[in-house]
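Try each task before you read its solution.

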Amino acid sequence: MNLAAQDIRQNIGRFVLTALGIGLLLMLVLGMGGIYHGLSFEATQLVDQIGADFWAVQKDTRGPFAEISRLPANLKFRLLAVPGVQSAHSFVSHTVQREVQGKPLRMFVQGLDWPDDRGGWLRLVAGRPLAQGHYEMIADKIIGLDLGDKILLGKDIYTVVGLTGGMVSSSGDGMAFFSARDAMDVQFDVSGETARLERAARRARTASQDVGRLQPELLERVGGPSSTLPALAAPLVSAILVNVAPGADLNTVVATVSAWPDVTVHTHESQRQLLLHGNVDRARRQLGLFRVILVVVSTIIMALIIYTLTLDKTHDIAMLKLMGARHRVIAGLILQQALLLGALGYGIACYIGQWLFPLFPRRVMIATTDLWVLAGIVLAISVLASLLGIAQAMRVEPNKVLS
Amino acid sequence: MNHSTGDIRAVEVCNLTKIYGSGNTEVVAMKDVSFDVAKGEVMALLGPSGAGKSTLLTAIGLINPPTSGRIFIGGQPVMDSDRALVNLAAFRRKHLGFVFQKANLIAFLSAVQNVQIALEINDVAPRAARKRAMELLDYLGVADRAKNLPDALSGGQQQRVAVARALANQPSLILADEPTAALDSGRGRQVMELFRKVARERGSAVIVVTHDHRSLDVFDRTYEMEDGRLGAASIGHSA
């Protein structure tokens, strides 16, 4: 006869409620692991999906995901001239927050090098890649836009033509893909008044110098749009993404570009490591630590529950001892109950988590190894928790029956 | 020693003394108690509260070791003062049966399971244990309540199940501590007669601590205890 099963059968309501509580706690442990993996995945997914062999960024910076990186857009033509380089694309990246219909609209803007890059590599869940160089965008679903939606950014209206799923930045903002030109327009948009003030300041600066006083026509030119002034540089890009030709030696190409005094090169792997150990490292460590604390808390709670269940059975245990029951019979009763409680809690954690985690605002990734690890953790805490109960049961004297 | 029934002593105690505490708080619960009980004999221990009856019973039951004295069960020395000479749990399992004022049935087991577990603890296979448990419940007239939990049984039925459990492993000695205290007089007498029946038919010795003077005719022998000392034996009327 299995005493643990009999006890549970007669107290099934209490047992199920207890298992539900433990299950929810274990679900948190599982969820923390899932958030941890989700954070790593989200941090690197753009780098992984773009698939560039290396990133050329501003000298001595760690690239656009770690800090501000500014490069002249024409750098891509220098890179294309390097032997072994197959393609080079401008990359623009920045975060914007606007208010649309009274709600904050926050997005991580990515500029695609139209027409070479139309976003064909993106995994679209609806719509299509960019089909024109201006006024179209691909948005992630998390931003809350639908296909065909039109939003005003800067002075232009952009139409959502494609949707991605789960493309978010390491800070959780949904990504929006524009042509690089549009992305820069969004980034460097200034109000009309700001433009007028800037032109007036430019005129004043020029008028105060010899060149302005000697060439009055120049005063008129500096008062015009900045894009018409050859003396002003074109807007800068964040990085240039480079792919090497099949058969070309990546290390040789990287060594060549790395030797340039105005560029720093990060390979795909080093970019991934920068993201994992830079942007999200503290968050990952914090989640990892919190997960450990949750496991400890789960162990303590489970131990207390098993201990309380054992205390409730003190009289029965005393009777069993009086009848001459071996220690293993009594220890088995407690250990089996702890294992059953842990197993049921584990099942509940997996089942509820499966429904609940997709509703979380950030990605929660549960890998098969996570489930095995949790199973191991549950087994360990069930055994550890039962030790307290077993120790208590071993202290029960048979003559307790008389009290 | 006076052997009223049979030749083999089921239990023999020699100069049992039990002292609780020490110094100013010392209490002598039992002093130089000696007697024996033969197989098939039913013996009653009478006396007021605090006389030392339960102390004596739990000492013989190997759950409350004496301060001094010796205990033999089935001719085998089992306790020498507070030193166990056998594995107590194993010895209880094989040779002793207990019945208390409260039935002390395991709350989460049905009537038949309460008897069955006593057998399984003694290494009887589950199927055989179940069969024997049902036979015992039938013998004691509660087979129809076999699947009921203790909560669903009356006090008398619970006590019968407790007796069945005590008999399960055919112990050579059954110890009963005020087993009828929670029962009305009719049911109390039934339980006492049950002990006599068991002793006669199965050859177990039975020691019953009781306050109930109405059923004394059931016993082969009665002892009165007072202030931890055992008085002279009275021969009963049942033989």
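**Exercise 1.** How many residues does helix H5 (residues 155–167) of chain B have, and how far does H5(B) reach from its first C-alpha to its last?

*Solution.* A word on the ground rules: this is a predicted model, where local features need pLDDT of at least 70, side-chain atom pairs count only at pLDDT 80 or more, and totals for chains, interfaces and linings use all residues. Residues are numbered from 1 along each chain as its sequence is written, chains are lettered from A and ligands numbered from 1 in the order in which they are written, and side-chain values use heavy atoms, leaving out hydrogens and water.

Step 1: helices are DSSP runs of H or I with at least four residues, and strands are runs of E with at least two, numbered from the N terminus. H5(B) has 13 residues.

Step 2: its span is 18 Å, close to the 18 Å expected at 1.5 Å a residue; the expected value is 1.5 Å times one less than the number of residues.

**Exercise 2.** Find out how many residues of H5(B) are buried.

*Solution.* Step 1: apply the cut-off, under 20% relative accessible area (1.4 Å probe, protein chains only). Step 2: count 11 of 13, so that H5(B) is mostly covered. Among them are B:Gln157, B:Arg160 and B:Arg165.

**Exercise 3.** Which elements do the buried residues of H5(B) pack against?

*Solution.* Step 1: look for contacts (heavy atoms within 4.5 Å). Step 2: in chain B, the partners include strand S7 (96–99), helix H3 (111–121) and helix H6 (185–202).

**Exercise 4.** How many helices and strands are in chain A?

*Solution.* Chain A holds 13 helices and 12 strands. Its C-alpha trace spans about 115 × 50 × 40 Å along the principal axes.

How values were computed:
Buried < 20%, exposed > 50% of the residue type's maximum accessible area, 1.4 Å probe, protein only.
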